[in-house]
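Please read the following report alongside the sequence and the three-dimensional structure.

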Amino acid sequence: MAMQPIVTLFERSSAAPGPGLSPRLKEAYGGDLCLPLPTSRPVYVAANFVTTLDGVASYQLPGQSGGGAISGFNEQDQFIMGLLRSLTDAVLIGSGTLHGDAGHVRIPEFVYPRLREEFRSFRQAILHKPIHPLNVVITGSGEIRLDEPTFHTPELSTLIITNETGRRRLRRDHGDALAVTQVRTVAGGGRVSPSDALKILREEFGVERLALEGGPTLLGQFLAEGLVDELFLTLSPHVAGRSEADARPGLIAQMAFLPENAPRFDLLSLKMAHSHLYARYQRRAA
Ligand SMILES: NC(=O)c1ccc[n+]([C@@H]2O[C@H](COP(=O)([O-])OP(=O)(O)OC[C@H]3O[C@@H](n4cnc5c(N)ncnc54)[C@H](OP(=O)(O)O)[C@@H]3O)[C@@H](O)[C@H]2O)c1
């Protein structure tokens, strides 16, 4: 059965230059979509998340920690995720997302296999990009499961960005098996600063547009540095709740803003299918 079309409820006219979507992708999305090229910073960053009505981003339950459980495996949400992957040069996640949603590979056709050939031809024939976006994982500790399918998917390039401590741990744990991925190291032993990560992605890997897929900890850091240009946020019509025993993360974690410095966004579009809402926000300049 064909996917119920996404209905556009509101759309601010956008002057973003670019080739736009293929007719089939445009029809499924209920309109066109183009991410701008970066202007003032090295990489244009579009974050993509789904939360419940009460703002929960993960049930934090074994096997049900990912965004799929939050959206109820909503087909349109999965399509939009595939679409954003197909529009970007790289997908970035933290190690918590790699392991928390084990088995997931961040390529368009993994999350929305129905349009596998369409995504592939769109990237290659229209955008002139490699078949898959580079998959990038950030880690400080270097505790990475290299048996994740991400590191063993044909035609998929992967990259781990870490610090010196993380690099030592990766070498110690994996030895020659580390050759399945590329690794880049920033100086020091603490967190990798998001701007350092973006500099590496642009200068060494030619990344201009990035899909930031989480998780909440990494998103908080990118927001704190003012590095999120757009936020694609699916609002799932579920309520997950929280308790002392189940301290489920919200959209961001490990980061708290004040009313005077809370990042603000403007609505670019609002779409719906069934009872899910798909909002596209643009960061408001400080
Ligand atoms: N609903 C959604 O849309 C959505 C989206 C994404 C994820 N999720 C879910 O959220 C959960 C994960 O949440 P999370 O906040 O833990 O995810 P996360 O941000 O992907 O991972 C956090 C971990 O990544 C590493 N890390 C993050 N930022 C770093 C930095 N700047 N430098 C170095 N290392 C860094 C750190 O671990 P190490 O140093 O130990 O490597 C950190 O503990 C999962 O269940 C996932 O499925 C939901």
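The sections below treat the basis of the model, the ligand site and the backbone in turn.

## Basis of the model

This is a predicted model, in which local features need pLDDT of at least 70 and side-chain atom pairs count only at pLDDT 80 or more, whereas totals for chains, interfaces and linings use all residues. Residues are numbered from 1 along each chain as its sequence is written, and side-chain values use heavy atoms, with hydrogens and water left out.

## The shell around the ligand

There are 26 residues around the ligand, of which S95, T139, S141, T217 and Q221 come nearest; a residue is near a molecule if one of its heavy atoms lies within 4 Å of it. By class, this shell has 16 polar, seven nonpolar and three charged residues, where Ala, Val, Leu, Ile, Met, Phe, Trp, Tyr, Cys and Pro count as nonpolar, Asp, Glu, Lys and Arg as charged, and the others, Gly among them, as polar.

At least two shell residues come from each of β2 (44–52), α4 (95–100) and α9 (216–224), and α9 gives the largest share, with four residues. These elements are DSSP runs numbered from the N terminus, helices being H or I with at least four residues and strands E with at least two.

## Polar contacts and cover

A polar side-chain atom of S141 lies 2.7 Å from a ligand oxygen, an N or O atom in the side chain of S58 is 3.1 Å from an oxygen of the ligand, and G215 places a backbone N or O atom 2.8 Å from a ligand oxygen. Of the 920 Å² of accessible area that the ligand has on its own, the protein covers 85%, as computed by the Shrake-Rupley method with a 1.4 Å probe.

## Backbone features

G215, which makes the backbone contact with the ligand, lies in the loop between β7 (209–212) and α9, and the peptide bond from G214 to G215 is cis, with omega near 5°.

Positive phi values also occur at residues other than glycine. Q60, in the loop between β2 and α2 (67–71), has a phi of about 55° and counts as partly exposed at 47% relative accessibility. Q254, in the loop between β8 (230–236) and β9 (265–273), has a phi near 60° and is exposed, with a relative accessible area of 63%. Here buried means under 20%, exposed over 50% and partly exposed in between, with a 1.4 Å probe and protein chains only.

Notes:
Polar contact = N/O pair within 3.5 Å; in protein donor to acceptor, adjacent residues only side chain to side chain.
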